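Here is a friendly note for a colleague who is opening this model for the first time. Please keep the view at hand while you read the points below.

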Amino acid sequence: MQKLEESRHSRTDRPSALLPVTVIVPVRNEARNLPFCLDSLGDFGEVYVIDSQSTDATAEIARSYGAHVVQFHYQGGWPKKRQWAMESLPLAYDWIFLVDADEAISPQLAEEIRSAIQDSAIDGYYVALRMYFLGRELRHSGASFYKLSLFRRGKGRYECRLKDQDASMADVEVHEHVVTQGKTATLRHHLLHRNVESLSHYIRKHDEYSNWDARVWVEGESNSQALAPSLLGSQAQRRRWLRRKFFAIPGSPLLFFLYKYIFCLGVLDGIPGLIYCSLQGIQFFHIKAKIYELKKASTQHGHGDTRD
C-alpha cells in the first residue's frame with residue numbers, strides 16, 4: 001500500500017471568491033515547470049501536489065505557493081498516483097480538477113469553470129490542451145486532444161488497464177483515462193501545456209511510458225474495457241483504435257511519423273514539429289521493440305532456457 005507521508009490538513013481561511021474545486025497536481029522533479037502551473041491556480045480553493053520523492057526543489061516550491069504537499073510511495077500495482085490521491089486524501093470540495101505540472105490555466109478557463117460547476121446536470125467536463133513544445137505552439141502534428149480533467153468527486157475515476165505494474169512503468173497514470181457514468185460536456189477554453197524541461201527529461205519519461213504501453217498490448221486490454229478502441233467512439237477510443245491499426249502494420253513507426261508529420265501537417269509546425277513527430281515515431285518503435293522482448297521472454301519461459 002502507498003503511504004500518506006505528509007499532508008497539510010490545516011485549512012486557512014479562503015476568500016469566498018475562490019473556486020470550490022480541488023486541484024490535484026502529480027509531480028516528480030518538476031521544479032522548472034511547477035511555478036508556471038501554480039501561478040495559474042490562485043483562483044482555486046485547494047491544491048494538492050502529489051510528489052514522488054523529488055530530489056530538486058519541487059516540494060519547497062509547492063509549499064511556497066500554499067499547496068498541500070503529499071509524498072506518494074509507489075510499490076507497484078493499482079492504483080497509481082492520481083487515483084490514489086482521489087481515494088485517499090481529505091479533499092475539501094465536491095469538484096476535482098486534474099492538472100499536470102507542465103500545464104497552466106488561463107483566467108478565461110478559470111472563469112468558465114466557475115460557471116460550469118453550477119450546472120447540476122453535468123458530472124464532468126472535457127478540457128482541450130494547447131500544446132507548446134520547444135517554445136512553439138503545435139497547431140498541427142496531431143498534438144491536440146481532450147481530457148476529462150474536471151469532474152465531481154465520486155463521479156469519475158481512472159480506468160485500470162493493467163493491474164500488474166511496477167515502478168519501471170511510471171508511478172502515474174500513463175494512457176489511462178478518467179471515465180464517468182454521468183453526463184459530460186466540453187469547455188471552450190484550453191489548458192496550456194508548456195513543458196520547459198529538457199528533451200532528455202521528456203525522453204526519460206516516455207521510456208517509462210513505453211514499458212507500460214508494451215505490457216498493455218501484450219496482455220490485450222484484459223483488465224478493462226471501459227474505453228475499448230473504436231473508430232466511432234470518443235477521441236480517446238479513436239486514438240486507441242488508430243494505434244492498434246498502426247501496430248499491426250510492418251514499418252509502423254515510420255508510417256506513424258509520416259501520419260503525424262505529413263497527414264496531420266506537422267511540417268507546418270517548423271523544427272519543433274519535426275522533432276515532436278520524430279519522437280512520436282521513435283516512441284512507437286520503442287513500444288514495438290519492447291512488445292517483441294516481452295513475447296520472446298514469455299516464449300523462453302514456457303520452453304525453458306534452451307532456445308536462442
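1. Let us begin with a definition: a residue is buried under 20% relative accessible area, exposed over 50% and partly exposed in between, with a 1.4 Å probe and protein chains only. Leu-254 has a relative accessible area of 55%, so this residue is exposed. Leu-254 belongs to helix H7, residues 252-263; helices here are DSSP runs of H or I with at least four residues, strands are runs of E with at least two, and both are numbered from the N terminus.

2. A word on the source: this is a predicted model, where local features need pLDDT of at least 70, side-chain atom pairs count only at pLDDT 80 or more, and totals for chains, interfaces and linings use all residues. Residues are numbered from 1 along each chain as its sequence is written, and side-chain values use heavy atoms, without hydrogens and water.

3. Next, the aromatic rings. Rings of Phe, Tyr and Trp (its six-membered ring) pair if their centres lie within 6.5 Å; planes under 30 degrees apart are stacked, over 60 edge-to-face and the rest tilted. The count by this rule is ten aromatic pairs. In one of them, Phe-72 and Tyr-74 are stacked because their ring centres are 6.1 Å apart and their planes are at 25 degrees. Phe-72 and Tyr-74 are both buried. Elsewhere, ring pairs join Phe-256, Tyr-259, Phe-263 and Phe-284 in a cluster.

4. What lies over the face of Tyr-132? Arg-194 does, at 4.2 Å from the ring centre. The rule asks for NZ of Lys or CZ of Arg within 6 Å of the ring centre and within 35 degrees of the ring normal.

5. Now for the backbone. Most residues other than glycine have a negative phi, and most peptide bonds are trans. The peptide bond from Trp-78 to Pro-79, however, is cis, with omega near 10 degrees. You will find Pro-79 in the loop between strand S3 (68-71) and helix H3 (81-88).

6. Two residues with positive phi deserve a look. Gln-53 has a phi near 55 degrees and sits in the loop between strand S2 (44-51) and helix H2 (58-64). Its relative accessibility is 38%, so Gln-53 counts as partly exposed. Ala-170 has a phi of about 80 degrees and lies in the loop between strand S9 (156-158) and strand S10 (178-180). Is Ala-170 buried or exposed? Ala-170 counts as buried because its relative accessibility is 3%.
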